[in-house]
Amino acid sequence: MNGNVIVGQSGGPTAVINSSLAGVFRTAMDRGAKKVYGMRFGIQGLLDEMYVDLSDYIKNELDIEILKRTPSAFLGTCRYKLPAIHENQDIYEKIFEILNKLNIECFIYIGGNDSMDTIKKLSDYAILTGQTQKFVGVPKTIDNDLALTDHTPGYGSAAKYIATSIKEVIRDGNGFSYKKQLVTVIEIMGRNAGWLTGSAALAKGEDCEGVDLIYLPEVPFETEEFLKEVRALLAQKSTVFIAISEGIRMADGTYVSEAGGGSDYVDAFGHKQLTGSATYLASLINHEIGCKTRAVEFSSLQRSASHLASRVDINEAFMVGGAAVKAADEGDSGKMVVIDRVSDDPYQSATGVYDVHKIANGEKLVPRNWINEKGNYVTEDFIDYVRPLIQGDYPCVMVNGLPRHLYLK
Ligand code: F6P
């Protein structure tokens, strides 16, 4: 490599997004990059010429190891939609002026489906105007909804946190089960795809009964049917645990979250913030059935719990970061790195690259045949798919009793 590399992080963070950043940095240095720049707050910050030289922050092996274990976007993130090329050429001219000034050869963007739109547009513009930079995307999202990759880094660790926390919530609730009824509703992220909510099924095992019901956004939510299921369960047992996606919605498309008041905030991609579905359903049960209820919303905890990250996930996140630099250095552009599952037992994976035009802005949903007929639990195929992704741990570097993070002020 003769020139420099620039890397950015975009969209909702994960517990392992910085492991991908570490993978980008390591491979870029190994391949002879003179400098590895980091965009502050993704493409939005770059437009304001906000970037850092990563060598100022990652100075040795220990820094790499701490970065791999640091949750959230070390460089800062954004939800920013580039306009179509014909709508605003000035923005593209500005970005390429900055890239040329910094002698950038490889532009690496770590993100989900909206972020891959940025790779798509920049690589298209480069071809259109005869620029030589290569643009490659690194997959990332707890939602696991990117097409053409077996799964996305960030998903396995979030699934591990959810299954672990649900086991703990069930332990807590069951302690009160003598002569008292309790229904706990647990809300999990994932706007349109129920991959993460489905991972609640992993809580069930030899030492835990698991959740009773799981509702994904892929199946329309029916309130009366839901209350009927809860009543039937309460006739047999005193504690009931229900996992719901933040994105569950009725047949007419109304989010349950909206029925509960929700939030009016809408991001640059037109996504309404989803929150409060568990609180709404818990109070509905309380009102209609009369028993005690509790609502648990994991919110940002589920995507920042690096203390519970899966080793498989951290290692794969590092691997895809490195693979993106290698692909760009070898001439690929307008591509995203994907993870291919090579085998389940033992679990093995490898990387490939795919045309980002087939991935950007799309959403891979849970197949209907991985959800039971009633639409209130996932199947064994689903559980077999996710279980390998939560395996192994990656102990934190502890200082004064707390995990140490790498921090960019
Ligand atoms: O992009 C992943 C994600 O965590 C989704 O699961 C969730 O709906 C969304 O981000 C929340 O985004 P924000 O933190 O911007 O509200």
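Mentor: Start with pairing: two strands pair if DSSP finds at least two bridges between them. Helices (H or I, at least four residues) and strands (E, at least two) are DSSP runs, numbered from the N terminus. This is a predicted model, where local features need pLDDT of at least 70, side-chain atom pairs count only at pLDDT 80 or more, and totals for chains, interfaces and linings use all residues. Residues are numbered from 1 along each chain as its sequence is written, and side-chain values use heavy atoms, without hydrogens and water.

Trainee: How many bridges join β6 to β9?

Mentor: Strand β6 (residues 182–188) and β9 run parallel, joined by 6 bridges. Valine 183 sits opposite threonine 293 in β9.

Trainee: What is the strand order in the open sheet?

Mentor: The order is β7-β8-β6-β9, with parallel pairing. β7 (213–215) and β9 (292–297) are at the edges with a single partner strand each, so one side of each lacks a neighbour in the sheet.

Trainee: How are two packed helices described?

Mentor: By the angle between their axes and the distance between the axes. Axes are lines fitted to C-alpha atoms, for helices over the stretch in contact (heavy atoms within 4.5 Å). Angles run from 0 to 180 degrees between N-to-C directions. Here, the axes of α1 (residues 17–30) and α12 (residues 311–329) come within 7 Å and cross at roughly 40 degrees.

Trainee: Which residues of α1 meet α12?

Mentor: Among them are Ser19, Ala22 and Arg26, while the α12 side includes Ile314, Phe318 and Lys326.
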